[in-house]
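Hi there,

Here is the structure I promised to pass on. Have a look at it, and then read my notes on what turned up.

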Amino acid sequence: MAVENVMVRNALNSWKQVLGQVDKTIGAFGDEELQREVAPGRNRLYYLLGHLTAVHDRMLSTLRIGERLHPELDEEFIVKADKTELDERVTAAELRKAWRGVNETLTAAMEKLSAEEWLERHDSVSPEDFAKEPQRNRLAVLLSRTTHAAMHEGQMRLAPKG
């Protein structure tokens, strides 16, 4: 197996491992418990789950592998900070369903990319800039979003149980 294939496989395995950890952490809380803050005055579990769902949904277009499934989540979970408005338009159950659907779709599409395709530019960089900075590729997006999800999963673990 070529080195590039091993590196991509490792990155995808890390991605899936982090997603599994988020699933496990969020799964330990009921829908009402998602309103808990990870620490006093900090983000709620609900917001972090919505934020990760919206960010991962954006990856579909950023990686040029599909159409977004839930662009309606951007306003509440990317544009605005948590607790800006407390009238959530998405229930916790709907958010959990969106999280699963986005990640299933995204992961399935990512697994179809070849090592060469992972080294192509992502949609947030122009062809001209990519020619100057080829490290701004799809794989870099996967690595940064994996780290992003792992960081927020660590925050989620701080939420009080029971």
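The largest nonpolar core has 39 residues, and Leu34, Leu45, Met110, Trp118 and Leu142 have the most contacts inside it. By nonpolar core I mean buried Ala, Val, Leu, Ile, Met, Phe, Trp, Tyr and Cys residues joined through side-chain atoms within 4.5 Å, with buried being under 20% relative accessible area (1.4 Å probe, protein chains only). Two or more residues each come from α1 (3-27), α2 (45-62), α4 (92-111), α5 (115-118) and α7 (138-156), and α2 gives the most, with 9 residues. Helices here are DSSP runs (H or I, at least four residues), numbered from the N terminus.

This is a predicted model, so please note that local features need pLDDT of at least 70 and side-chain atom pairs pLDDT 80 or more, while totals for chains, interfaces and linings use all residues. Residues are numbered from 1 along each chain as its sequence is written, and side-chain values use heavy atoms, without hydrogens and water.

Now to the helix packing. α1 and α4 pack at an angle of about 170°, with axes 12 Å apart (lines fitted to C-alpha atoms over the stretch in contact, with angles from 0 to 180 degrees between N-to-C directions). The two are therefore roughly antiparallel (over 145 degrees).

In α4, the buried residues include Trp99, Leu106 and Met110. The buried residues of this helix pack against α1, α2, α3 (74-79), α5 and α7.

Best wishes

Conventions. Buried < 20%, exposed > 50% of the residue type's maximum accessible area, 1.4 Å probe, protein only. Parallel < 35°, antiparallel > 145°, perpendicular 65-115°, else oblique. Contact = heavy atoms within 4.5 Å.
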